[in-house]
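Hi,

Here is the structure I said I would pass on.

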Amino acid sequence: MDRFNWTSPVMGFILLGLSAHPKLEKMFFVLILLMYLVILLGNGVLILVTILDSRLHTPMYFFLGNLSFLDICYTTSSVPLILDSFLTPRKTIPFSACAMQMFLSFAMGATECVLLGMMAFDRYVAICNPLRYPVVMSKAAYVPMAASSWAAGSMTATVQTSLAMRLPFCGDNIINHFTCEILAVLKLACADISINVISMAVANVIFLGIPVLFISVSYVFIIATILRIPSAEGRKKAFSTCSAHLTVVVVFYGTILFMYGKPKSKDPQGADKQDISDKLTSLFYGVVTPMLNPIIYSLRNKDVKAAVRNLVLHKHFIQ
């Protein structure tokens, strides 16, 4: 504890957010609040129907229920903080709360990366090896698969958060972001962060590179199998079972690659515009993507639409 106090005289951080743009703050407060309500409602309904409707008691919908619960947890770890920052200029967050928020957001993001890979494997077995699907994707297999996704995400978040919070923060304590985003926090450290950079690079390979490669290879086999189906109706039905997942994957990873892969501006004025762009992109990744997931699965999946309709009709009948 003595070492912690000595290396971290900064007892809290100030979240800058969009305090330099008060007009944008008011607009985004209403927008983000509405999106958050849609996230809670949409993902909550998906979780409910996957539990209540016996036709959805399959590996695919079990993973979908996990994805919906994950999206609720992820947004709840950051959105209330973002909304509060819109109402309170230069929002102060304690050191411990910053560490917890960083852990939760990193854990949920890493878990989703692994979980999307698990869902790709489920679709691969269902389409490429349908006769073996009940054996390969039995309950004894898909429950541990989902549990391992959560465990892996929590483990890497523990490592990254511990390494970041052990750094000395003895100068500027203003985080140029909405939340305690790990890259924004590392910029404030007054010590060598090479270990953090290497650790994050390894984590990116494991939780971004490997799942993307795995998903890509899976869909090469899936598409090849679908194209060999003789009937057009059969091809359409087979593709419809994985189109929602593929759409979610493209939106999720596309946003991450855009956020971390675009070149940095060297011009001071361009850098200021880029800071705003980075923040808004982070909002898209953290709010819009979880909001789109239940919409995508509801619109592109007949079973989910039927389950939601039955749930609404059943509730109306009881009333």
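Helix 5 and helix 7 (residues 139–165) pack with their axes 7 Å apart, at an angle of about 145°. Axes here are lines fitted to C-alpha atoms, for helices over the stretch in contact, and angles run from 0 to 180 degrees between N-to-C directions. Helix 5 passes helix 7 in a right-handed crossing; that term means the near helix is turned clockwise from the far one by less than a right angle, and left-handed means anticlockwise. By class, the contact of helix 5 with helix 7 has 17 nonpolar, 9 polar and no charged residues. The classes are: Ala, Val, Leu, Ile, Met, Phe, Trp, Tyr, Cys and Pro as nonpolar, Asp, Glu, Lys and Arg as charged, and the others, Gly among them, as polar.

Before you dig in, some housekeeping. This is a predicted model, where local features need pLDDT of at least 70 and side-chain atom pairs count only at pLDDT 80 or more, while totals for chains, interfaces and linings use all residues. Residues are numbered from 1 along each chain as its sequence is written, and side-chain values use heavy atoms, with hydrogens and water left out.

On to the whole chain. The protein chain has 12 helices and 3 strands, taken as DSSP runs numbered from the N terminus (helices H or I, at least four residues; strands E, at least two). Of its 319 residues, 45% are buried (under 20% relative accessible area; exposed is over 50%, partly exposed in between, 1.4 Å probe, protein chains only).

Helix 3 passes helix 5 in a left-handed crossing. By class, this contact has 12 nonpolar, 4 polar and 4 charged residues. On the helix 3 side they include Phe63, Asn66, Leu67 and Asp71, and on the helix 5 side Glu112 and Leu115 are among them.

Asn66 sits in helix 3 and counts as buried, because its relative accessibility is 13%. Setting aside residues up to four places away in sequence, Asn66 touches Leu115, Ala146 and Trp150. Asn66 and Ser149 are 83 residues apart in sequence, yet 9.9 Å apart in space, C-alpha to C-alpha.

The other one is Asn293, in helix 11 (residues 268–299). Asn293 is buried, with a relative accessible area of 2%. Beyond its neighbours within four places in sequence, Asn293 is in contact with Leu67, Asp71, Glu112 and Val248. Leu67 and Asp71 of helix 3 and Glu112 of helix 5 also belong to the contact between those two helices.

One more pair: the axes of helix 2 (residues 22–52) and helix 4 (residues 79–87) come within 9 Å and cross at roughly 155°. Helix 2 and helix 4 are therefore roughly antiparallel to each other, and their crossing is left-handed. By class, their contact has 10 nonpolar, 1 polar and 1 charged residues. Phe28, Phe29 and Tyr36 in helix 2 are among those involved, as are Leu83 and Phe86 in helix 4.

Cheers

Terms used
Contact means heavy atoms within 4.5 Å. Angles under 35 degrees count as roughly parallel, over 145 as roughly antiparallel, 65 to 115 as roughly perpendicular and the rest as oblique.
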